[in-house]
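Subject: The two-chain model, and what turned up in it

Hi,

Here is the structure I promised to pass on. Have a look at it first, and my notes follow below.

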Amino acid sequence: MKISCNWLQSYVDLAGIADDEISRAITFLGFEVEQVIRTGAPKLDNVFVGEVLTRDKHPNADKLSVCTVDVGPVQGVKRIVCGAQNYTVGDRVPIALVGAVLPGNFVIKEAKVRGEASSGMMCSAKELAIAEDATGLLILTARPAAGTPINDVLPAGDVVFDIEITPNRPDALSHIGVARELAAWFKKDLSYPSVSFTPAAIVANPRIDLLKSVRVDAASDCPLYTATVVTGVKVGPSPDWMQQRLSAVGLRPINNVVDIGNYVMLEYGQPVHAFDFWKLAGAEIIVRHAAEGEKIVTLDNKERTLSAGMLVIADAQKPVVIAGIMGSADSGVSSDTIDLVLEVAYFKRQSVRATSKRLGLASDSSYRYERGVDVHSLDEAAHRFIDLILAHAGGQVAGPIHRVGADIPWQREITVTPAYINEKLGFEIPAADQRTALESLELGVVREEPTENRGPAWTFSIPSWRDDLDRPIDLVEEVVRLYGTEKIPASVITAPGLVGNDDPIVIFNRAVSAALVGQGFNECVNYTLRPAKELAAWATPAAVADLALANPFVEDQSHLRPTLVSGLLESLKLNQSRGVAASRLFETGRVFIERNGQLSECVAAAFVMAEETGERNWRTRESADFYAAKRHTATIGSFAGIELERQPTALVAAPALGWQEGHAATAGNLQHGWTSTFGLVSLAHLKALGIAGKVYAGFFAIVSEKVTADADRRSYKPFGLQPAALRDLALIVPEATASSEVQKALTKVARAAVGNAFALEAVNVFDVYQGKGLPEGAKSLAFSLVFRSSDRTLTDDEVNVIFTKIQDELLKTTPYQIRK
Amino acid sequence: MQDQLSALLAKAAAEFPAIAARSDFEAAKARYVGPHGELTALMKQMGSVPKEQKPVVGKLVNEAKTVLQSHLDAALARIEAAALAAQLGPAVDPTLPSPDRTLGTHHPLTLVREEMTRILRKVGFTVVEGPEVETEYYCFDALNTPADHPARDAQDTFYLPEFARFGNVSKKTPNEKYLLRTHTSSVQIRTMLKGPPPIRIVSPGRAFRRDTTDATHSANFQQIECLYVDKNVTVRDLKALLDYIFVSLLGKDTKTRFRPHYFGYTEPSFEVDLSATHLPKVNKPWIEIGGCGMVDPIVFKDVGYDPEVWSGYAFGMGLERLAMLLYGIDDIRYFYQNDVRFLRQFA
């Protein structure tokens, strides 16, 4: 909200305090100053009022004149060359004499203009920075005496602070409210406007009440309504000082009645409204809820359709104001209005807020109602409204003030000790200073009682406009605010040792990031919210529907993400399209996946590896493949305590969605807490995305509460020091057989054959072959078996016996053949 | 005998230096010292040497053996050296760049978050996590945000549909709506509900507001928040924490100041400004960096802490804003575009 410094001066004496000091005060009182705007004439030295004595055509220039100007008894008569055309001999205009510095750092010097000497400049309004008008000289029609310093003649400049009022301080949405704060800060007195009108002052004659009735049918939303008739007003411009103040804070002057309404609102924070009495059908005012579908054309010339429950001010036929928000276009005051109804009312914030939100219609008035106006200052604002109307629009109050609704009682007290305040602050503010600070905000001490060991206990009465003050802690803030939060003393951190462990999720993310960064991946951060179109490639339509927000803001951020891969592909594409080399990207973050019919928030990590790196190298390195993706995924899983390579792994089932069928696999199942997918991204999908080259990716997700810190300390297992005996065995199996299945069968048979004689230490696949020398549809898997005894070197013979036994047993119990 | 030995050595001296292949060497070696070798044959004749000549002849044979061995050793060493040399290509050009990929990079937001948590760790704050999908209770009610507060509007907060069900985001009351948390303060509530004070936590994470994305706003952003609950925690302690954090981050001539402000869940509340000498692209004496305050007694009451006994402070700020200040980044969207030229600048 904009606050005019000149306006503030009506309530608090700020003379002699620099603008910057005021701005700082407002800031440290808790209102952020967003902008400081300076208006009006700046301080101008050596610029005076002068009267044009003669005006002659310049001998060498058609458009110039040579003038003599009387600049008063002290400065005397000056000869000045001037290019303006809008003045005549006898006019009084601003004269900048030699030595004057005009805005824009324009220094006036003795000069020759086309050969004619000129000792000054006759000025336009623009040259004095008081208006945009540059068409001619500023003619001083009031004819101030020649030689008067120009600042004595021009409207004083103003400084306007655009400040942010926090929602807890509706009282500060007014000049009196801000003045009160500044008075407290600068330790000055606050003077309220003198209001002379009282209901008792209404004269008996003429006491004609034009209003037939004022009725409130919706008291729950309008607890107090007042309406006063003023007859015989003359609508015209409002006084200059009022126009200046309103203009300074950004309101366009309209006419005296409208301007006075705005002025009272910005002075007290209480919105008011003036009707043209003769536009009220039936001479009635009814405060009621709108009927569903009722229509009103508001002041901004838009037709609004109301719904039931919206509060309106109506006449006998139709709504004329949307209560607290905006009046209708045709009930307003116009130039021929002579009789007014002045409304000052209290509408509930919830009601105004709901209606304003529903209609998408807000105003200075609704803003104040929504935040809460002080019903206890309502009468004072109403009387001020009447005062100003009578003073500046004439007329007289006709009839009593219609006042519908009960007085709302206000009494609030807070008891606090200075010791309590100092304890909360952690430093000492003397008791007397605390009390002065609170009293300067018009909190009065109504009782003072001694306590046993905590000094006096003060009971403060809280003014009605400070509904935000309710508890002793609230007064701590008031005290420290006025003490100056800049002065809070420095200190060192004192805190008892309290060291827990970081959340396992944090530890997981750190480990994943460190490992993948070590593998050359760049960490990315993508938005959690994704477009439905993007997710269609990664989840079934039903799953996508479950991820939708109720109220997305933009179409491309409408759904929660079930995967991190789609975001990484987007990042990859961005880099490719910008011609930036990027091949390995990863992200850690939350995803949302269906589990047992509900969504689960999961901790996840994913990476992509693009074949097309976007850069050429003098030596080519082998590019990533499925098994690289599998390894990285397994690494990620290991940080969540999952041994992925020991888990059942299968090709992704149809529909493979974003993954390439036959070239991507899954391990884990979210039903058991975690899931993973890794391998080749669907080539068709990559093509649709416009990504060049193959992309391998991996994705690991674990339900957030299943991420646990690995607390078990491992125990040492002895390992054999004797030499190992190695045997290789190649098995011919159908090509669709999973190697893990063959390995499992072989390991089982080998274990049984070895028995307790010695140990089977490892069974590793070391070759996969398909082709010449093998039957159609078969493949050979070669395994290396490692045997070792803990206490002796194994002899060939004893190993051969076991090896033969293994082969015999395999042929007997499995369909596999042994490749010789 | 002596002549024979001399002839044999002369032949070996001529033959071995010419051998290049290991197999030729082995064959040659066999011809001299193998079971049927020439030297072996001569040594076999030792039996027929008269007894009195044996010491002399034996000495000759041994000398010949030593000389022959030196031929063998020299040849073998040469052949092996040649074999090793054959494994090498020409000398490398050490000025060519390594074709291997460089280390990856941590995202700048991660770097700043980790730096903050390290700084806070030193004074006893541990990192906690909480769900991004929250309920109205944890995000608003428990933080003293009234039911009709504008922040709760569907205009400002993302909601999930009524039918949405989350298996692992607990609700306080059955009729609450799910939403995307608008701040990470919800984690403070979940932490306080889990156990009694004292508590000293830092909660970094994503937050969401229905906001137009531009150079300084993002609907999806990250916050970092601290909460400390103990006995006799004061405003001065809060100021000490802020001073400590920013001096640690930006150097010892960094200053912070408080301005009174309003937050529903702290009283008194402050905005925090900082002033530092070495920030890039900053031309204001004070920069607003976050909000803080003393935990409002209402919040304590709601989580079952006795506000007469416990007191505490909370501080929060936007991670992007901090990273932008620290690195001199002028557009928040860069954090979410992942242009590798951007990502590589901070590691």
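Before the rest, some housekeeping. This is a predicted model, where local features need pLDDT of at least 70 and side-chain atom pairs count only at pLDDT 80 or more, while totals for chains, interfaces and linings use all residues. Residues are numbered from 1 along each chain as its sequence is written, chains are lettered from A and ligands numbered from 1 in the order in which they are written, and side-chain values use heavy atoms, with hydrogens and water left out.

Back to β7 of chain B. The peptide bond from B:E267 to B:P268 is cis, with omega near -5°. Strand β7, residues 266-275, also holds B:L274, which is buried with a relative accessible area of 1% (buried means under 20% relative accessible area, exposed over 50%, partly exposed in between, with a 1.4 Å probe and protein chains only). Leaving out residues up to four places away in sequence, B:L274 touches B:F246, B:L250, B:W286 and B:I287, among others (contact means heavy atoms within 4.5 Å). B:P198 sits in the loop between α7 (185-194) and β4 (199-208) of chain B.

Now the interface. Chain A and chain B bury about 7,800 Å² between them, 53% of it on carbon and sulfur atoms (buried area being the accessible area, 1.4 Å probe, that two parts lose on being put together, summed over both). The contact takes 93 residues from chain A and 94 from chain B. Across it the rule finds 11 salt bridges, a salt bridge being a side-chain nitrogen of Lys or Arg within 4 Å of a carboxyl oxygen of Asp or Glu. On the chain A side, helix α13 (residues 504-518) gives the most, with seven residues. That side divides into 42 nonpolar, 26 polar and 25 charged residues (Ala, Val, Leu, Ile, Met, Phe, Trp, Tyr, Cys and Pro count as nonpolar, Asp, Glu, Lys and Arg as charged, and the others, Gly among them, as polar).

One of the salt bridges between the chains is B:R257 with A:E486, at 3.9 Å from N to O.

Over all chains the salt bridge count comes to 70. Here are some inside a single chain:

- A:E284 and A:R215 meet at 3.9 Å, N to O. The pair links distant parts of the chain, with A:E284 in β16 (residues 284-289) and A:R215 in β13 (residues 213-216), 69 residues apart. A:R215 is partly exposed, at 38% relative accessibility.
- A:E601 pairs with A:R590, the closest N and O atoms being 2.9 Å apart. A:E601 lies in β32 (residues 598-610) and A:R590 in β31 (residues 584-595), so the pair ties together parts 11 residues apart in sequence. A:E601 is buried at 1% relative accessible area, and A:R590 is buried at 6%.
- B:D141 pairs with B:R152, with the closest N and O atoms 2.7 Å apart. B:D141 is partly exposed at 34%, whereas B:R152 counts as buried at 9%.

Next, helix α11 of chain A (residues 431-440), where A:Q434, A:A437 and A:L438 are buried. Seen down the helix axis, the buried residues fall within an arc of 95°, so they line one face of α11(A) (the arc is that of the directions from the helix axis to the C-beta atoms). What covers them includes α10 (418-425), β27 (456-461) and α12 (472-483) of chain A. Just after α11(A), A:E442 takes a positive phi of about 70°.

Where else does a positive phi of about 65° turn up in a residue that is not a glycine? A:N301 has one, in the loop between β17 (295-297) and β18 (303-305) of chain A, and A:N301 is exposed at 62% relative accessibility. A:N46 also has a positive phi of about 65°, and A:N46 is partly exposed at 32%.

Cheers

Terms used:
Helices (H or I, at least four residues) and strands (E, at least two) are DSSP runs, numbered from the N terminus.
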